[in-house]
Amino acid sequence: MRRLLMLALLSVVACSEKKGQGGEAVQDKATAALASKDEKCPGGTVKGCFDAAAEAERKGEVARAAELYTRVCDAGVARACTVLGTLVWQGRGVSADPARAFSLYMRACEAGDAAGCFSAGICHRTGACAEKNDAEASKLLRRACDGGDARACANLGGG
C-alpha cells in the first residue's frame, strides 16, 4: 500500500512539469498567461485573476475587467472567453469587434462552455457576428442545450 501511494505521488510530481522537445521545462498556458504576478491578479492565480475581473466589471471598471478576462481566457478558462466575447461584442471596455467576439465564443464553446456555444449559435442564426448559417446555428445551439444552457434549449423549441 505504501509503495502504491509513493508511486502515485511520484507520477504526479513527474507529470507536473511539462518538457519541451529538448527536455527544457515549458510553462503551461495558465502559468504563461499569469507570468507577471501583480496586484491585478491576487496571488498570481487564474482564480484570483477571474475574481478580480468580475469585481472590476461589477464596479464599472470595464476596461480593466476586459484586460483581466483576456489574461484568464488566455490561461484556458472557457467561461472567461465567453464573458470577454460579450464585452467585445458590446464594445464595453474594448473596441466593438463582432468577428473577434465570435472567435472568443467559439474558443469558449470548444473548451466546453455551453454559454459560449449559445452565443456562437446566435451569431450564426442572426448573421450579426458570423456568416448566417442556420445549420451551424442549430448545431451550436444543440451543443449548448446539451451542455445545460436553457436559453439554447428555448431557441431550439425544446424549452
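1. Basis of the note. The model is predicted, so that local features are reported only at pLDDT of at least 70 and side-chain atom pairs only at pLDDT 80 or more, while totals for chains, interfaces and linings use all residues. Residues are numbered from 1 along each chain as its sequence is written, and side-chain values use heavy atoms, with hydrogens and water left out.

2. Overall make-up. The chain holds nine helices and two strands, where helices (H or I, at least four residues) and strands (E, at least two) are DSSP runs numbered from the N terminus. Read from the N terminus, the order of the elements is α-β-β-α-α-α-α-α-α-α-α. Of the 159 residues in the chain, 35% are buried; buried means under 20% relative accessible area, exposed means over 50%, and partly exposed lies in between, with a 1.4 Å probe and protein chains only. Among contacts (heavy atoms within 4.5 Å) with a separation of 6 or more, 39% link residues 24 or more positions apart.

3. The nonpolar core. A nonpolar core is a set of buried Ala, Val, Leu, Ile, Met, Phe, Trp, Tyr and Cys residues joined through side-chain atoms within 4.5 Å. The largest one here has 39 residues, and the members that touch the most others are Leu68, Tyr69, Leu84, Phe102, Ala120, Cys123 and Ala152. At least two residues of this core come from each of H3 (46-58), H4 (62-74), H5 (78-90), H6 (98-110), H7 (114-126), H8 (134-146) and H9 (150-155). For Leu84, once neighbours within four places in sequence are set aside, the contacts are Ala66, Tyr69, Thr70, Arg100 and Leu104.

4. Helix H5. The 13 residues of H5 should span 18 Å at 1.5 Å a residue, and the end C-alpha atoms are 19 Å apart, which agrees; the expected span is 1.5 Å times one less than the number of residues. Buried residues in H5 are Ala78, Ala80, Cys81, Thr82, Val83, Leu84, Gly85, Leu87 and Val88, and their cover includes H3, H4, H6 and H7.

5. The pairing of H4 and H5. Two packed helices are described by the angle between their axes and the distance between the axes. For H4 and H5 the axes come within 8 Å and cross at roughly 145°, the axes being lines fitted to C-alpha atoms, for helices over the stretch in contact, with angles from 0 to 180 degrees between N-to-C directions. On the H4 side the contact is made by Val62, Ala66, Tyr69, Thr70, Val72 and Cys73, and on the H5 side by Ala80, Cys81, Val83, Leu84 and Leu87.

6. Helix H7. Ten of the 13 residues of H7 are buried, which leaves this helix mostly covered. The buried residues are Ala114, Ala115, Gly116, Cys117, Phe118, Ser119, Ala120, Gly121, Cys123 and His124, and they pack against H5, H6, H8 and H9. Just after H7, Gly127 takes a positive phi of about 75°.

7. Phe118 within H7. Phe118 lies in helix H7 and is buried, with a relative accessible area of 11%. Apart from neighbours within four places in sequence, Phe118 is in contact with Leu141, Ala144, Asp149, Arg151, Ala152 and Asn155. Although Phe118 and Arg151 are 33 residues apart along the chain, their C-alpha atoms are separated by 7.6 Å.

8. Disulfides. Five disulfides are found in a search of the whole structure, a disulfide being a pair of cysteine sulfur atoms within 2.5 Å. Counting bonded cysteines along the chain, the pattern is 1-2, 3-4, 5-6, 7-8, 9-10. One of the five joins Cys41 and Cys49, with sulfur atoms 2.1 Å apart, and both of these cysteines are buried.

9. Two further links. Cys73 is joined to Cys81 with an S to S distance of 2.0 Å; this link is right-handed, with 95° about the S-S bond, and Cys73 and Cys81 are both buried. Cys123 is joined to Cys129 with an S to S distance of 1.7 Å, and both residues are buried. The torsion about the S-S bond of Cys123 and Cys129 is about -95°, so this disulfide is left-handed.
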